[in-house]
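Let's take a friendly walk through the inside of a protein model. Keep the picture at hand as you read.

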Amino acid sequence: MRGSAVALSRHVSKRILILDDEESILFAVKRYFTRIGFTVDCARELEEAEALSTHTAYNLVIADLSLSDSGSAEGLEIIRYVRRNCPTARVILLTAHGSPSVEKEAFRRGADAFLHKPKPLAELASIVTRLTETA
């Protein structure tokens with residue numbers, strides 16, 4: 001039952017913010033986590049994620065490292081913002097183009113996990129569940 005909706009449905013009250021510039025990823029991840037019992041908000045831009053996290057107490061934030069086609073690293077900025085405004089929230093940074101130096105910087109800023117895309121949703125859910133249980 002590992003990764004199944006039945007195994008993970010005990011987290012009904014946990015709230016997640018997903019930050020990614022790709023609509024298809026937001027849709028799929030939101031749908032998956034909603035089905036297993038999480039409350040999910042989505043943001044496509046850093047400023048939107050900051051506004052949401054200012055007014056909502058999230059248990060966990062899942063952020064893409066790059067929020068534009070230029071290979072930027074705005075995802076690192078949300079880590080700092082979340083640490084300052086939602087200090088108990090856990091943070092997962094996802095990237096398709098990570099490097100050891102970016103990973104080191106993510107952990108220095110307070111990320112709880114640094115994951116490489118693509119990551120199966122069941123595996124991501126397992127990590128989310130572990131992090132939100134200890135939050």
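Tyr32, Phe33 and Phe38 are linked by ring pairs into a cluster. The model is a predicted one, and it holds two aromatic pairs. A pair of aromatic rings is described by the distance of the centres and the angle of the planes. Here are both pairs:

| Ring pair | Distance of centres | Angle of planes |
|---|---|---|
| Tyr32 and Phe33 | 5.7 Å | 80 degrees |
| Phe33 and Phe38 | 5.6 Å | 75 degrees |

Planes over 60 degrees apart count as edge-to-face. The planes of Tyr32 and Phe33 are at 80 degrees, so this pair is edge-to-face. With planes at 75 degrees, the pair of Phe33 and Phe38 is edge-to-face too.

Is Phe33 buried or exposed? Buried means under 20% relative accessible area. Phe33 has 0% relative accessibility, so Phe33 counts as buried. Phe38, at 3% relative accessibility, counts as buried as well.

In soluble globular proteins, nonpolar side chains tend to be buried together. The largest nonpolar core here has 22 residues, and Leu19, Ile78, Ile79, Val82, Leu93 and Ala106 have the most contacts inside it. At least two residues of this core come from each of strand S1 (15–19), helix H3 (46–55), strand S3 (60–64), helix H4 (74–85) and strand S4 (90–95). Which element supplies the largest share of this core? H4 does, with five residues. Another core lies apart from this one and has 19 residues, including Ile16, Ile36, Ile92 and Ala113.

Finally, look at Val82: leaving aside neighbours within four places in sequence, Val82 is in contact with Val61, Pro87, Ala89 and Val91.

Definitions and conventions:
Residues numbered from 1 in each chain as written. Predicted model: local features only at pLDDT ≥ 70, side-chain atom pairs only at ≥ 80, totals over all residues. Heavy atoms only, no water. Core = buried A, V, L, I, M, F, W, Y, C linked by side-chain atoms within 4.5 Å. Buried < 20%, exposed > 50% of the residue type's maximum accessible area, 1.4 Å probe, protein only. Helix = DSSP H or I, 4+ residues; strand = E, 2+ residues; numbered from the N terminus. Contact = heavy atoms within 4.5 Å. Phe/Tyr/Trp six-rings, centres within 6.5 Å; stacked < 30°, edge-to-face > 60°.
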